[in-house]
Amino acid sequence: GDIYIAVADNGCGMDKATLMDGMTYGAKGVNDAKRLGKFGLGLKTASTAFCRKLSVITRDEPFTPLLKAVWDLDHVVNASDWELLLDEPNAYEVDLFEKTAMSSSGTLVVWENVDRLLKNYANPGGKDARRALDKVINAFRDHAAMIYQRFLEPSDTRARNVSITVNEIPVTSWSPFCESEAGTEMVADCTKIVDFSNGDRGEFSIKAFILPRREHFSTPEAASEARLTNNMQGIYIYRENRLIHPSDWLGMFSKEPHLTLLRIEFSFDHTLDDAFQVDLKKSRIMLNEDLYNWVLNEFIPAPRNAANERYRTGVRLSTSETAKTAHTGSNRSIQEKEEDVVGS
């Protein structure tokens, strides 16, 4: 019934100084503005939101000894001190590390004493708990496919390619914009320059896609894969090619069925972090007034009208076909009655 979560990579790994920095809350970290991390909190806070013990095992050179640092919240409580523990990896951790890094550099993150991932079950190892865990695993796989879509898609040149597997199963990219579908239309594409008061300049791009109606997808499976639900409409915001905030209208208007087919891609890099007020978790942005008004009043109206028209036209056609079918059925019934009367 105990849950054990390990995430391993074969990346550049860390030396001792970098590991200590990475396990420090609010550390500045590597001086690289383009990196996905920004505030020095994500690894620690995301981990201890679900577990009481976080271990990081790493090395930055092949065949060198592994380094291990541990945040154990039970130890912190007992010692009344935020003491980072340095330890030796056990045999199982070494095996997990080498399975991915293969004698090269890399990092292994381990969660133990996982107490906030699932609710409490009378039988933690029973079918209900296992089913709940499988649901979490599948949801994470879908989440990673969307968040890291540009990194996972080999044909996407905007980001370096990586591969991710979850429990030995590869994660395939999922794009909310369904560009491969013949019926998808990119109805707007704009790149804007932002000038800052200190003389610097930044750039962002914004595109609007209108998806086909469900019945116009190439296959039923493709339509299902597109997730044509009301909550998936909206603006998808990417920072440094990672999706940080999906399917939201940013308070411009509420979601309603007529816009189900409209999805907007909004991309920017680290130079606009301050301008867009990227929050601590990098999970949302706040557009300044001028940009908000430009998106609302100049960019979105045309795509919104086009999406609305495609939706309503489809509804009218569907209603017409339903009515035609109803008339056909009623006429056939009348004809059968007439034959019975004549025959008698």
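The model is predicted: local features require pLDDT of at least 70, side-chain atom pairs count only at pLDDT 80 or more, and totals for chains, interfaces and linings use all residues. Residues are numbered from 1 along each chain as its sequence is written, and side-chain values use heavy atoms, with hydrogens and water left out. The chain has 9 helices and 12 strands, which are DSSP runs numbered from the N terminus (helices: H or I, at least four residues; strands: E, at least two).

**Overall burial and contacts**
- Of the 344 residues in the chain, 37% are buried; buried means under 20% relative accessible area, exposed over 50%, and partly exposed in between (1.4 Å probe, protein chains only).
- Among contacts (heavy atoms within 4.5 Å) between residues at least 6 apart in sequence, 63% join residues at least 24 apart.

**Nonpolar cores**
- A nonpolar core is a set of buried Ala, Val, Leu, Ile, Met, Phe, Trp, Tyr and Cys residues joined through side-chain atoms within 4.5 Å.
- The largest such core has 69 residues, and F204, I235 and F266 have the most contacts inside it.
- Helix α5 (residues 127–147) gives the most to this core, with 7 residues.
- Another core lies apart from it and has 7 residues, including I57, L66, L96 and L108.

**Helix α5**
- The buried residues of α5 include A129, L133, I137, R141 and I147.
- Their cover includes α6 (149–152), β6 (165–166), β7 (169–170), β10 (234–239) and β11 (242–248).

**Helix α8**
- In helix α8 (residues 289–299), the buried residues are L291, W294, V295 and F299.
- These residues lie on the same side of α8, because they cover an arc of only 95° around the axis, an arc taken from the directions from the helix axis to the C-beta atoms.
- The face turned away from the buried side carries the exposed residues E289 and N297.

**Aromatic pairs**
- The structure holds 14 aromatic pairs; rings of Phe, Tyr and Trp (its six-membered ring) pair if their centres lie within 6.5 Å, and planes under 30 degrees apart count as stacked, over 60 as edge-to-face and the rest as tilted.
- F50 and W111 are stacked, at 5.6 Å centre to centre with 15° between the planes.
- This pair links distant parts of the chain, 61 residues apart: F50 is in the loop between α2 (42–48) and β2 (51–59), and W111 is in strand β5 (residues 106–114).
- F266 and F268 form an edge-to-face pair, at 6.4 Å centre to centre with 70° between the planes.
- Ring pairs link F204, F266, F268, W294 and F299 into a cluster.
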